[in-house]
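This report describes a single protein chain from its overall layout down to selected residues. Please keep the sequence and the three-dimensional view at hand while reading.

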Amino acid sequence: MKKVEAIIKPFKLDDVRESLAEIGITGMTVLEVKGFGRQKGHTELYRGAEYMVDFLPKVKIELVIQDDILDQAIDVIVETARTGKIGDGKIFVTDIERVIRIRTGEENEEAV
């Protein structure tokens, strides 16, 4: 099993969720996060004063999925979240050693 963490633009969340549901992925965790990469923030004006916004709002989606649908899930996220502009986000994939469903005690594939 793999854990997929995708950091995307907030307005793309619903599209990505719907696209993942179409390939059978319904369980996910979504977090509102802030960060920056190459885009390095931007300048805003508030009450006549200019200030730097270093951390931009993003959404982080976390999925734990079977190895056999990993590539398909990544392709769906990339295709759906891409705008072609800077700040589209990143995807991180890590190995998962063990998963336990607290309610039933099921483990690994059965727990996902």
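This is a predicted model: local features need pLDDT of at least 70, side-chain atom pairs count only at pLDDT 80 or more; totals for chains, interfaces and linings use all residues.

Ser 19 counts as buried because its relative accessibility is 16%, and buried here means under 20%. Not counting residues up to four places away in sequence, Ser 19 touches Val 76 and Thr 80, and both of these belong to the buried residues of helix α2.

Ile 23 is placed in the loop between α1 and β2. With a relative accessible area of 24%, Ile 23 is partly exposed. Leaving aside its neighbours within four places in sequence, Ile 23 is in contact with Gln 72, Ala 73 and Val 76. Although Ile 23 and Val 76 are 53 residues apart along the chain, their C-alpha atoms are separated by 8.7 Å.

## The chain as a whole

The secondary structure of the protein chain consists of 2 helices and 6 strands, and these follow one another along the sequence in the pattern β-α-β-β-β-β-α-β. Of the 112 residues in the chain, 30% are buried. The accessible surface comes to about 7800 Å², and carbon and sulfur atoms account for 49% of that surface.

When contacts between residues at least 6 apart in sequence are considered, 69% of them join residues at least 24 apart.

## The four-stranded sheet

An open sheet of 4 strands is present, with antiparallel pairing and the strand order β2-β5-β1-β6. Its edge strands are β2 (29-35) and β6 (89-95), each of which pairs on one side only. Neighbouring strands of this sheet are turned against each other by 20 degrees on average, direction ignored. Helix α1 (residues 13-22) packs on the sheet, where it touches β1, β2 and β5, and the direction of α1 makes about 10 degrees with that of β5. As a general point, the strands of a sheet pair through backbone hydrogen bonds, in either a parallel or an antiparallel manner.

Within this sheet, strand β1 (residues 2-8) is joined by 7 bridges to strand β5 (residues 56-65), and the two run antiparallel. Two positions illustrate that pairing: Lys 3 has Val 64 as its bridge partner in β5, and Ala 6 stands opposite Ile 61 in β5. Strand β1 is also joined to β6 by 7 bridges, again with the strands running antiparallel, and here the bridge partner of Val 4 in β6 is Val 93. In β1, 5 of the 7 residues are buried, so this strand is largely enclosed by the rest of the structure.

Helix α2 (residues 70-81) has 12 residues and reaches 16 Å from its first C-alpha to its last, which is close to the 16 Å expected at 1.5 Å a residue. Which residues of α2 are buried? They are Leu 70, Ala 73, Val 76, Ile 77, Thr 80 and Ala 81. Seen down the axis of α2, these buried residues fall within an arc of 130 degrees, so they line one face of the helix.

The cover over the buried residues of α2 includes β1, α1, β5 and β6. On the face of α2 turned away from its buried side are the exposed residues Asp 71 and Glu 79.

Arg 82 is found in the loop between α2 and β6. Its relative accessible area is 52%, and Arg 82 is therefore exposed, since the cut-off for an exposed residue is over 50%. Even so, when neighbours within four places in sequence are left aside, Arg 82 is in contact with Lys 12, Ile 77 and Asp 88. The C-alpha atoms of Arg 82 and Lys 9 are separated by 9.1 Å, while the two residues are 73 residues apart along the chain.

Asn 108 lies in the segment after β6, and at 24% relative accessibility it counts as partly exposed. The phi of Asn 108 is near 55 degrees, a positive value in a residue other than glycine. Most residues other than glycine have a negative phi.

Notes. Residues are numbered from 1 along each chain as its sequence is written. Side-chain values use heavy atoms; hydrogens and water are left out. Two strands pair if DSSP finds at least two bridges between them. Axes are lines fitted to C-alpha atoms, for helices over the stretch in contact, and angles run from 0 to 180 degrees between N-to-C directions. Contact means heavy atoms within 4.5 Å. The expected span of a helix is 1.5 Å times one less than its number of residues. Buried means under 20% relative accessible area, exposed over 50%, partly exposed in between (1.4 Å probe, protein chains only). The arc is that of the directions from the helix axis to the C-beta atoms. Accessible areas come from the Shrake-Rupley method with a 1.4 Å probe; for residues, only the protein chains shown count as cover.
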